[in-house]
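Take this model one element at a time. Begin with a helix, then turn to the sheet.

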Amino acid sequence: MTDNQRIEAIAEHYREILRLVGEDVEREGLAKTPIRAAKALYYLTSGYRADATQIMKQALFEHDGSRMIIVKDIEFYSMCEHHILPFFGRVSIGYIPDGKIVGLSKLARIVNVFARRLQVQERLTGQICSEVMNVVGAKGVIVICNGEHLCMKMRGVEKQDSSTTTVDYAGVFSDDVRLREEFFANLKAM
């Protein structure tokens, strides 16, 4: 099935959903909504059609230095797998290289790969951490993610000021609390 065929199939489902909630899908304001919504959903789930490992392998470089490399505040947008509502925020990634570094933009790209799927923030944070650890072959990786979830703001408990922070780490960050503290101190200082 081609991308266009998938988008059209998704649009048909949106047409039926709109009918089921009581809308007239032929009215002027909604006539093109199913195809627009289908295209948006397809884009927002583009991470299923991307390979994070291949993206990172395109920019691995030999490097003997650096104690810790940090890329701070990579913005992301994702969709909660429980309610299909957006959540968004920022990810910061730190790693200690072991002879190789990865191009900085690739870290932002893999955040997008994993965020552009139906997700939970906890898994998103872990997937980023594991991918950097495995592909770069780092001595250690740490990832912090802070997100705001519309499933908590628009429905359910409706808590407008709530946010969620998740942290995952691997390698030397697992064993050395001082390295974790250094990472968090650097985030505050930046």
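Helix α2 covers residues 33–44, and its 12 residues at 1.5 Å each should span 16 Å, which agrees with the 16 Å between its end C-alpha atoms. The expected span is 1.5 Å times one less than the number of residues. Helices are DSSP runs of H or I with at least four residues, strands are runs of E with at least two, and both are numbered from the N terminus. The model is predicted: local features need pLDDT of at least 70, side-chain atom pairs count only at pLDDT 80 or more, and totals for chains, interfaces and linings use all residues. Residues are numbered from 1 along each chain as its sequence is written, and side-chain values use heavy atoms, leaving out hydrogens and water.

Which residues of α2 are buried? They are P34, A38 and Y42 (buried is under 20% relative accessible area, exposed over 50%, partly exposed in between, with a 1.4 Å probe and protein chains only). Seen down the axis of α2, these residues fall within an arc of 70°, so they line one face of the helix. The arc is taken from the directions from the helix axis to the C-beta atoms. On the other side, K39 and Y43 are exposed. The cover over the buried residues includes α1 (3–20), with contact meaning heavy atoms within 4.5 Å.

Now the sheet. It is open and mixed, with 5 strands in the order β5-β2-β3-β6-β7. Strands pair if DSSP finds at least two bridges between them. β5 (118–119) and β7 (164–171) stand at the edges with a single partner strand each, so one side of each has no neighbour in the sheet. β2 (residues 69–80) and β3 (residues 86–96) pair in the antiparallel sense over 9 bridges. S78 stands opposite F87 in β3.
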